[in-house]
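Hi there,

Here is the structure I promised to pass on. My notes follow below it.

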Amino acid sequence: MRESSPPVKPFVDLSDEQVHWDLSESLSYSQYLNLDKLLDSQHPLSYQHDEMLFIVIHQVSELWMKLCLHELGATVDCVRRDDLGPTFKMLSRVSTIQQQLLQSWDVLATITPSDYSAFRNTLGKSSGFQSPQYRMLEFLIGNKNADTIKVFRADPPTYEMLERALRAPSLYDEVLRLLSRRGLDVPPEAIDRDFTQPYQASKPVAAAWLSVYHNSVKEWDLYELAERLVDLDYKFQLWRFAHVKTVERIIGNKRGTGGTGGVSYLTKALELKFFPELWTIRTSM
């Protein structure tokens, strides 16, 4: 005789759960996360369906970048103290966040050219080029370009914040200082320089890193740090590439809303590397 299947319950029985139903005198989930403000921050300027997706994707990306800045700022502090243990967890977390940022382009790419063109004019001159957090990320990791902060002059607090970041040593600058403190032969001009200027690759710095890799057992924490930095750089390059292809897919070779050449401008950044010596030494191993 065939056994009958158990009846399908129409709902989850909560009668034996000790749910806190009355939150009138307690902090709620919505209050803790400020959901009223967070979910009231999406205000499309057109009546086009896909503008909501466009706004949400960019806002979520800004939240992920905020977390990256939080983790990388703490990483810099640890490097300054020569306390590398916690940096591995933090850089690993940043790598995972970068994967989320990378996947966001897949969602954005579901907007077709005709969908985007229907609301693109509502953006005016606003552009991701004007993201203060993105610029902070590049400065903090090591890609300095003084010209890029000019666009923030109409916002003095943001301009001043970015100017401080421009003048401060980057993560890579602090890492090279650490190598020098550890006795590796890092030239003075690589660690005592004008931090507002782009970092220039150095053969002596490459030699110092090569020494770390050849002595990875003795210099394990520096070796591990180097590999985490390569991962950070690698994921950033993937993010840039996905950005280029998504923009090309949606607007072709149109000029960007912020005034750049669009795809032609974004392509210029594809060859940028934050930690150039960590890439060049791979040929020498």
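Helix α11 gives the largest share of the lining of the largest pocket, seven residues; helices here are DSSP runs of H or I with at least four residues, numbered from the N terminus. This is a predicted model, where local features need pLDDT of at least 70, side-chain atom pairs count only at pLDDT 80 or more, and totals for chains, interfaces and linings use all residues. Residues are numbered from 1 along each chain as its sequence is written, and side-chain values use heavy atoms, without hydrogens and water.

The largest pocket has a volume of about 1,200 Å³. Of its 45 lining residues, the closest to the centre are S127, G128, F129, H243 and L266. (A pocket is an open set of points on a 1 Å grid over the protein atoms alone, where a 1.4 Å probe fits, with protein on both sides within 12 Å along at least five of seven lines; lining residues have an atom within 4 Å of a point. The volume is the space filled by probe spheres set on the points, which are joined across faces, edges and corners.) Among the helices that each supply at least two residues of this lining are α3 (51-80) and α4.

Helix α4 (residues 85-108) also holds S104. S104 is buried, with a relative accessible area of 11% (buried means under 20%, with a 1.4 Å probe and protein chains only). Beyond its neighbours within four places in sequence, S104 is in contact (heavy atoms within 4.5 Å) with I57 and S61. S61 lies 43 residues from S104 in sequence, yet their C-alpha atoms are 7.6 Å apart.

Best wishes

Technical notes
Buried < 20%, exposed > 50% of the residue type's maximum accessible area, 1.4 Å probe, protein only.
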